[in-house]
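Subject: Model handover

Hello,

Here is the structure we talked about. Please open it alongside this note; my findings follow below.

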Amino acid sequence: MNIILIGKNKAFIDEFCTMPEINSVIIIECKKVYNNLEEYEIDLNHKLIYCDYVNNDRFLEEIIPYIATSKIDGVIPGFEYSVPAANELAEYLCLPCVGKKGASIFSNKIKFREFSKNTNLNHPKFIKIKSIIDLNTFFDGKKIILKPSNRQASIGLYIISSKDELKEAFTDALIMKNEKTVDEDRLEWEYMAEEFLSGYEMSSEYLVKDGKIVFKNITYKEGIDNQECIEIAHHIPAIKNVEVEKEMYNQINKLIEKANIGTTVLHAEWKVEKNIPVLIECAARMPGDYISNGISSSYNFNFRRAYINLMIDVPFEINKIFQRYTIIQFFYTEKIGILAEVENLNLMHEHKEYILSYKVTKEIGAFVKPPDSSWDRLGYFIIKSERYKDLLFKRDYLLNNIKFSIV
């Protein structure tokens, strides 16, 4: 089988290389982005096509000549920014895809808010921001969030608690925040403000085939104090709350129906207040932050591979009942300085029966600071256990004993 991957995503490429049914992959990537990504060997027959796919009205016209003679079995978006192009190409080739409406609303937060409002989904109050006047008008003395409508990983997001913070947040939001996975020149900058919801944060992940949910998971999330939109832990699965889970399921099914969702993976984010889940965001791509690894661990099947098979219309097996608990935990610092040393990292080896993987993502000598976005975190570890209390104890032990020395 032959797959097109839009966006050079290493996790997908690594998975393709382990699947005997995959014969080749065609990778479509913007040349500017490709040059920013790390180089690595691809142990699979592959071809690279340079093409801009973000906000490119001529995408199909430019890409079809390269693939006209190839038999393609599936099209997969590698990143959030490639969802619209992947859907457009898959529709053209009559292959499984999320659908035009979903591809549009899931890649733009303002469009998603407007859709949620029009279909009576639980959502925060919001406004499109065109000027500082709009922001001043929306702020009524209660905490709000200012963010771009088309960015990922908490980039450009500001929590505003007082009127004195409005001007600085708005001015700083206009400063470009560079990312590896998108050509900034292709983005059209839009901003929105929304009410800040207290309560706790959760996400839910789904595999959807022809408009029907075939797998679901709910993840409990932890955020940084006073900047909770930056996540520092994911607990999979979340401890069961029947009332909340039922309402989430009803809301997502309504979304799938009203948006004419076809075949895809969905990753939705929620705030829960007084047992009422409010839908914050939804994306038609694999969840980030190693959540897919956590799902694979907890449910005892390869979540990413199941999604690939879903998109190439190949039968796959899943487990709908979890087998164990998994936590993805991130390191971060509250200090500004230079990373001098990481102490007691050997504990990861000493407790390897719990550890699935770990990585320090900042090099010794790197400048580090309290996170403004997910990219500023220092590393992570993934641990598992059949008993949730044991898992929490082990997590806390590792956090308390692995030290990042910053000078």
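**Asn 260 and other backbone points**

Asn 260 is exposed, at 60% relative accessible area. Throughout, buried means under 20% relative accessible area, exposed over 50%, and partly exposed in between, with a 1.4 Å probe and protein chains only. Asn 260 is not a glycine, yet has a positive phi of about 55 degrees. Its place is the loop between helix 9 and strand 12 (264–273). Helices (H or I, at least four residues) and strands (E, at least two) are DSSP runs, numbered from the N terminus.

A word on the source. This is a predicted model, in which local features need pLDDT of at least 70 and side-chain atom pairs count only at pLDDT 80 or more, while totals for chains, interfaces and linings use all residues. Residues are numbered from 1 along each chain as its sequence is written, and side-chain values use heavy atoms, with hydrogens and water left out.

Asn 300 also has a positive phi, near 65 degrees, and is a residue other than glycine. Asn 300 sits in the loop between helix 10 (291–299) and helix 11 (303–311). Its relative accessible area is 46%, so Asn 300 is partly exposed. Helix 10, which Asn 300 follows, is mostly covered, with seven of its nine residues buried. Those are Ile 291, Ser 292, Gly 294, Ile 295, Ser 297, Ser 298 and Tyr 299.

There is a cis peptide bond between Ile 236 and Pro 237, with omega about -10 degrees. Pro 237 lies in the loop between strand 11 (227–236) and helix 9 (242–258).

**Helix 6**

Helix 6 spans residues 109–118; its buried residues include Lys 109, Ile 110, Phe 112, Arg 113, Phe 115 and Ser 116. What covers them? The cover includes helix 5 (100–105), strand 5 (126–129), strand 6 (144–148), strand 8 (191–195), helix 9 and strand 13 (276–283). At the start of helix 6, a side-chain oxygen of Asn 108 comes to within 3.0 Å of the backbone nitrogen of Ile 110. After helix 6 comes Asn 120, with a positive phi near 60 degrees.

**Strand 2**

Strand 2 covers residues 24–29. Six of its six residues are buried, so strand 2 is largely enclosed by the rest of the structure. In a regular strand the side chains alternate between the two faces of the sheet. Here, Ser 24, Ile 26 and Ile 28 point one way, and Val 25, Ile 27 and Glu 29 the other. Strand 1 (residues 2–6) pairs with strand 2 in the parallel sense, over five bridges. Two strands pair if DSSP finds at least two bridges between them. Leu 5 has Ile 27 as its bridge partner.

**An open sheet and its patch**

Three strands make an open, antiparallel sheet in the order 17-15-19. Strand 17 (367–368) and strand 19 (403–406) are the edges; each has a single partner strand, so one side of each has no neighbour in the sheet. Strand 15 (residues 337–343) and strand 17 are joined by two bridges. Gly 337 stands opposite Val 368.

Ile 336, Ile 338, Phe 367 and Val 407 form a nonpolar surface patch, with about 420 Å² of accessible area together. Patch members have over 30% relative accessible area and no salt bridge; like charges are joined within 9 Å, and nonpolar side chains (Val, Leu, Ile, Met, Phe, Trp, Tyr) within 5 Å. A salt bridge is a side-chain nitrogen of Lys or Arg within 4 Å of a carboxyl oxygen of Asp or Glu. Areas come from the Shrake-Rupley method with a 1.4 Å probe; for residues, only the protein chains shown count as cover. Ile 336 is in the loop between strand 14 (325–331) and strand 15. Ile 336 is exposed, at 60% relative accessibility.

**Two buried polar residues**

Asp 73 lies in the loop between helix 3 (59–67) and strand 4 (74–77). Asp 73 is buried, at 11% relative accessibility. Its side chain makes a polar contact with that of Lys 71, at 2.4 Å. A polar contact is a pair of N or O atoms within 3.5 Å; within protein, one must be able to donate a hydrogen and the other to accept it, and residues adjacent in sequence count only if both atoms are side-chain atoms.

Ser 203 is in strand 9 (residues 200–209). Ser 203 is buried, at 0%. Its side chain makes a polar contact with that of Glu 205, at 2.6 Å.

Best wishes

Conventions: Contact = heavy atoms within 4.5 Å.
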